[in-house]
Amino acid sequence: MKIKHYVINLDRSPERLSNISAQCKKYNIDFVRISAFDGSTLDLEKLADDTACRYEMGRSIQPGEVGCFLSHKKALDAFLSSEDEFAVILEDDAILSKNFSKSVSDICSFIDQNQQLNVFAVNLGASDYKYSTPIKEYDHTTLLRAHRFPMLATGILWTRHGATIISRDGNKVRYPYDNYLRMLLTKGHMGLSVKHSLITAAEGKSDINLRSNTLGRSKQNRNIFYFIIKQKRVLRDKILAIFSILKWNLNKPKYK
């Protein structure tokens, strides 16, 4: 399988690059570095749709969130310009498990053999398994159909088809990247995840995804109905996940 690894890293974060490089060298993983967008230097009025974010999230989108989204999209574009079949996109605070490479290879083989499942992406660092169905057991992890795609995008395995769909989205940045993926892959029934996680995130905030130097993201221009909007979003995602579970169990797709 042709699997390319990418690491998103800010130019001002050489220590993080050094840490992830040491891990990849230990596990014989070659990667392409993606120079991340620095949210503090971006023109948010040009690149982001704050009205859409406020409607969905109940608050304004943050500079770091825009930078994070664009950085992941940049990595996807780099993948699509290659001839590789799969891409693993890592943020530079990822900590890899010792079984990372073998498990990723196994998962890619499964997806390749079961293209009827129309998989877009696999969250490799999931910690939320509530709305999921086991579909394949491996020695060190279980592959799950993620009826509600997990949050956090520290490590995502992408198929070319899934990457193409994201890359074609020419809209301004409307939501944080992990919320965007949850909305897209939960509603479209195209996401997988793993248990136990193949990566974890290092302690502390990601440099790539820093929201604001002065205010937490939930306090930045928050709508007075913030908590109602949040609960509405959570309820919607749960309902979509329940319908996905019902559809899965009624149709019972065949896979190898």
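Visitor: Which residues is Asp169 in contact with, leaving aside its neighbours within four places in sequence?
Guide: Lys73, Arg174 and Tyr180. Keep in mind that this is a predicted model.

Visitor: Where is Asp169 found?
Guide: In the loop between α6 and α7.

Visitor: Is Asp169 buried or exposed?
Guide: Buried. Its relative accessibility is 14%, and the cut-off for buried is under 20%.

Visitor: Let's look at α6, then. Which of its residues are buried?
Guide: Helix α6 covers residues 160-167. Its buried residues are Gly162, Ala163 and Ile166.

Visitor: How do those buried residues fall when seen down the axis of α6?
Guide: They fall within an arc of 100 degrees, so they line one face of the helix.

Visitor: And what covers the buried residues of α6?
Guide: The cover includes α4 (63-80), β8 (155-159) and α7.

Visitor: Take α4. At what angle do α4 and α6 pack?
Guide: About 130 degrees, with their axes 9 Å apart. That makes α4 oblique to α6. The crossing of α4 past α6 is left-handed.

Visitor: Which residues make that contact?
Guide: From α4, Lys73, Leu76, Asp77, Phe79 and Leu80. From α6, Arg160, Ala163, Thr164, Ile166 and Ser167. Lys73 also came up as a contact of Asp169. Ala163 and Ile166 were on the buried list for α6.

Visitor: How do the residues of the contact of α4 with α6 divide by class?
Guide: Five are nonpolar, two polar and three charged.

Visitor: Now α7. How do α7 and α8 pack?
Guide: Helix α7 is residues 177-187 and helix α8 is residues 226-251. They pack at about 30 degrees, and their axes are 9 Å apart. Angles under 35 degrees count as roughly parallel. So α7 and α8 are roughly parallel to each other. As for handedness, α7 passes α8 in a left-handed crossing.

Visitor: Which residues meet there?
Guide: In α7, they are Asn179, Arg182, Met183, Thr186 and Lys187. They meet Arg233, Arg236, Asp237, Leu240 and Ala241 in α8. By class, that contact of α7 with α8 has three nonpolar, two polar and five charged residues.

Visitor: Tell me about Met183. How accessible is Met183?
Guide: Met183 lies in helix α7. It is partly exposed, at 22% relative accessible area.

Visitor: What is Met183 in contact with, apart from neighbours within four places in sequence?
Guide: Glu56, Tyr175 and Arg236.

Visitor: How far apart are the C-alpha atoms of Met183 and Arg148?
Guide: They are separated by 8.7 Å. Along the chain, the two are 35 residues apart.

Visitor: Switching to strands. Where is Val194 found, and is Val194 buried or exposed?
Guide: Val194 is in strand β9. It is buried, with a relative accessible area of 0%.

Visitor: What is Val194 in contact with, leaving aside neighbours within four places in sequence?
Guide: Quite a list. Among them are Ile107, Val122, Leu124, Tyr129 and Leu143. Thr141 and Thr142 are on it too.

Visitor: And how far apart are Val194 and Ser127?
Guide: In sequence, 67 residues. In space, 8.6 Å from C-alpha to C-alpha.

Visitor: Now the backbone. Which residues does a cis peptide bond join?
Guide: Lys195 and His196. Omega there is about 15 degrees. His196 is in the loop between β9 (191-195) and β10 (199-201).

Visitor: Why point that out?
Guide: Because most peptide bonds are trans. Likewise, most residues other than glycine have a negative phi.

Visitor: What about phi of Asn28?
Guide: It is near 55 degrees, a positive value in a residue other than glycine. Asn28 is in the loop between α1 (14-26) and β2 (31-35). It is exposed, at 71% relative accessible area.

Visitor: And phi of Leu152?
Guide: Near 75 degrees, again positive in a non-glycine residue. Leu152 sits in the loop between β7 (142-146) and β8. Its relative accessible area is 51%, so Leu152 counts as exposed.

Methods. Residues are numbered from 1 along each chain as its sequence is written. This is a predicted model: local features need pLDDT of at least 70, side-chain atom pairs count only at pLDDT 80 or more; totals for chains, interfaces and linings use all residues. Side-chain values use heavy atoms; hydrogens and water are left out. Axes are lines fitted to C-alpha atoms, for helices over the stretch in contact, and angles run from 0 to 180 degrees between N-to-C directions. Helices (H or I, at least four residues) and strands (E, at least two) are DSSP runs, numbered from the N terminus. Angles under 35 degrees count as roughly parallel, over 145 as roughly antiparallel, 65 to 115 as roughly perpendicular and the rest as oblique. A crossing is left-handed if the near helix is turned anticlockwise from the far one by less than a right angle, and right-handed if clockwise. Contact means heavy atoms within 4.5 Å. Ala, Val, Leu, Ile, Met, Phe, Trp, Tyr, Cys and Pro count as nonpolar, Asp, Glu, Lys and Arg as charged, and the others, Gly among them, as polar. Buried means under 20% relative accessible area, exposed over 50%, partly exposed in between (1.4 Å probe, protein chains only). The arc is that of the directions from the helix axis to the C-beta atoms.
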